[in-house]
Amino acid sequence: MSEAAAGQPDMDVQAILDNMTDAFFRTDRDGRLLMASRSVENLLGWPREAVLGQNVRALYVDAADRQTFLDLVDAHGGRLSGHDLQFRRRDGSTVWVSASARRLGEDDGGGLEGVLHD
């Protein structure tokens, strides 16, 4: 299985992701963060390496909002754009983001991938 197929981007794709101003993310079906662009550091104050492997539910101000977001993605046919969410930054402050995401197929782990814009 190639690195890209295993959830890891190739070097060209990683360079594109790392130069985005919005934060790209990919989670597995359980909510563990598999991929994130470097811009997550500016958005949330955490080094990317510190959040990879963590459950994204812990980043929400209200952990119940994670399930609400998943339910909305599924209710909209597996894609949702421009949904407002509130996350907790490393310093304890909060940030509102506009989230756009799509559901990944079972062959890709059934999680989500998308973009957060502050």
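Residues with a relative accessible area under 20% are called buried, those over 50% exposed, and those in between partly exposed. These terms are used in the legends below, which describe a predicted model.

**Figure 1. Overview of the protein chain and its order of elements.**
The secondary structure of the protein chain comprises four helices and five strands, and, read from the N terminus, these elements follow the order α-β-β-α-α-α-β-β-β. Taken along the principal axes, the C-alpha atoms fill a box of roughly 40 × 30 × 20 Å. For a chain of 118 residues a compact globule would have a radius of gyration near 13 Å, and because the protein chain has 13 Å, its value agrees with that expectation. Of the 118 residues, 37% count as buried.

Gly 109 belongs to the loop that runs between β4 (94-103) and β5 (112-117). Its relative accessible area is 27%, which lies between the limits of 20% and 50%, and therefore Gly 109 counts as partly exposed. Not counting residues up to four places away in sequence, Gly 109 touches Asp 28 and Arg 29. Glu 49 is 60 residues away from Gly 109 along the chain, and the C-alpha atoms of these two residues are separated by 21 Å.

Asp 28, one of the residues touched by Gly 109, is found in the loop between β1 and β2 (33-36). Asp 28 has a relative accessible area of 11%, and because this is under 20%, Asp 28 is classed as buried. The side chains of Asp 28 and Arg 32 are joined by a polar contact of 2.6 Å, while a polar atom of the Asp 28 side chain also lies 3.0 Å from the backbone nitrogen of Gly 31. When the neighbours within four places in sequence are left aside, Asp 28 is in contact with Leu 34, Gly 109 and Gly 111. Arg 57 stands 29 residues from Asp 28 along the chain, with 12 Å separating their C-alpha atoms.

Arg 26 has a relative accessible area of 18%, so with a value under 20% Arg 26 is buried. Thr 27 counts as buried because its relative accessibility is 1%, again under 20%. The side chain of Arg 26 makes a polar contact of 2.5 Å with the side chain of Glu 113, whereas the side chain of Thr 27 makes a polar contact of 3.5 Å with the side chain of Arg 66. Beyond its neighbours within four places in sequence, Thr 27 is in contact with several residues, among them Leu 33, Val 56, Arg 66, Leu 104 and Leu 112.

Rolling a probe the size of a water molecule over the atoms shows where empty space is left. In this structure there is one cavity of 30 Å³ or more, and the volume of the largest cavity is about 140 Å³. Its lining is made up of 15 residues, of which Phe 25, Leu 33, Val 56, Phe 87 and Leu 116 lie nearest the centre. The elements that contribute two or more residues to this lining are β1, α2 (40-44), α4 (64-75) and β3 (79-88). Strand β1 provides the largest share of the lining, with four residues. Sorted by class, the lining has 13 nonpolar residues, one polar residue and one charged residue.

Gly 77 and Arg 102 are 25 residues apart in sequence, and the distance between them in space is 8.8 Å, C-alpha to C-alpha.

Conventions
Residues are numbered from 1 along each chain as its sequence is written. This is a predicted model: local features need pLDDT of at least 70, side-chain atom pairs count only at pLDDT 80 or more; totals for chains, interfaces and linings use all residues. Side-chain values use heavy atoms; hydrogens and water are left out. Buried means under 20% relative accessible area, exposed over 50%, partly exposed in between (1.4 Å probe, protein chains only). A polar contact is a pair of N or O atoms within 3.5 Å; within protein, one must be able to donate a hydrogen and the other to accept it, and residues adjacent in sequence count only if both atoms are side-chain atoms. Contact means heavy atoms within 4.5 Å. On a 1 Å grid over the protein atoms alone, a cavity is a set of points where a 1.4 Å probe fits but cannot get out, and a pocket is an open set with protein on both sides within 12 Å along at least five of seven lines; lining residues have an atom within 4 Å of a point. Grid points are joined across faces, edges and corners, and a volume is the space filled by probe spheres set on the points. Ala, Val, Leu, Ile, Met, Phe, Trp, Tyr, Cys and Pro count as nonpolar, Asp, Glu, Lys and Arg as charged, and the others, Gly among them, as polar. The radius of gyration is taken over C-alpha atoms; the globule rule is 2.2 Å times the number of residues to the power 0.38.
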